[in-house]
Amino acid sequence: MGTGIELWDLSAPSFLHAVPAFMEIYRAAMDPPADQVQGRRAVMERHSTLPRFHAVAAIALGGTDPGGTAVGFAYGFHGHGGQWWHDVVTEELRRRDPTAVSAWFADSFEIAEVHVHPRWQGIGVGRAVLERLAAARTERTAALSTRTGRTPAHRLYTSAGFVAVLPEFSFPGSPDQPFTIMAARLPLRRSDPVPPAGRSRAWPWTG
């Protein structure tokens, strides 16, 4: 990972305080349609209320902001029935391969978002936040969705031990945006030792 970067573990209240900064990273990394930005922010805020929520932020130090600048983040929570993503994915997986539902989703950690600002991509920040996020989980598996194709995100997840359980999947309302549903056994395959978990940090952003 690039020098001058710290990984901060965030509790739900600290995450909520940081959402405006994280949305800037999300916009830069994903370039979503403008009319979807507020909806994504609402989803992130709602996710922070889910069971066993945990977030990790990558903070670049030494810049103009004395409190550091967020350059990447990831978060997730315990997946279970009644959650939209979990139910949509397991319904389709049950139709294609019923045994895979219990194998991958009976006790799963849902990784909802992993994003790094484009200026900080390619130096290991994404891997660092992913590994830190999953390091302390006690679930049996982790699961996520990523755009289908040979993307840097797909290569990252594959190298961490994720496999495609639904190689081609379109979420309701987005038939033209194919995703790959991936899952991995925990603990994840690691590239390097994960830094020891720090205490939750209050976010210094005041914009």
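Colleague: Hi! How much of the chain is buried?

Modeller: Buried residues account for 46% of the 207 residues in the chain. Buried means under 20% relative accessible area, exposed over 50% and partly exposed in between, with a 1.4 Å probe and protein chains only. Keep in mind that this is a predicted model: local features need pLDDT of at least 70, side-chain atom pairs count only at pLDDT 80 or more, and totals for chains, interfaces and linings use all residues. Residues are numbered from 1 along each chain as its sequence is written, and side-chain values use heavy atoms, with hydrogens and water left out.

Colleague: Thanks. How many helices and strands are there?

Modeller: The chain has 6 helices and 7 strands. These are DSSP runs numbered from the N terminus, helices being H or I with at least four residues and strands E with at least two. Starting at the N terminus, the order is β-α-α-β-β-α-α-β-α-β-α-β-β.

Colleague: Let's look at S5. Is that strand largely enclosed or open?

Modeller: Strand S5, residues 141-147, is largely enclosed by the rest of the structure, because 5 of its 7 residues are buried.

Colleague: And which way does S4 run beside S5, parallel or antiparallel?

Modeller: S4 (residues 108-116) and S5 run parallel, joined by 3 bridges; strands pair if DSSP finds at least two bridges between them. Phe-109 stands opposite Ala-142 in S5. Between S4 and S5 the chain passes through helix H5 (residues 125-135), a right-handed β-α-β crossover. Right-handed here means that, with the strands pointing away from the viewer, the path from the first strand over the helix to the second runs clockwise.

Colleague: What about S5 and S7?

Modeller: That pairing is antiparallel, with 7 bridges between S5 and strand S7 (residues 179-185). Thr-141 sits opposite Arg-185 in S7.

Colleague: Switching to Glu-110: which strand holds it?

Modeller: Glu-110 is in strand S4. Glu-110 is buried yet has no salt bridge, meaning a side-chain nitrogen of Lys or Arg within 4 Å of a carboxyl oxygen of Asp or Glu.

Colleague: Which residues does Glu-110 touch?

Modeller: Leaving out residues up to four places away in sequence, its contacts include Tyr-75, Trp-85, His-86 and Ala-143. Contact means heavy atoms within 4.5 Å.

Colleague: Last one: where does Gly-81 lie?

Modeller: Gly-81 is in the loop between strand S3 (69-79) and helix H3 (84-96). Gly-81 is partly exposed, at a relative accessible area of 47%.

Definitions and conventions: Lys and Arg count as positive and Asp and Glu as negative; His and the chain ends are not counted.
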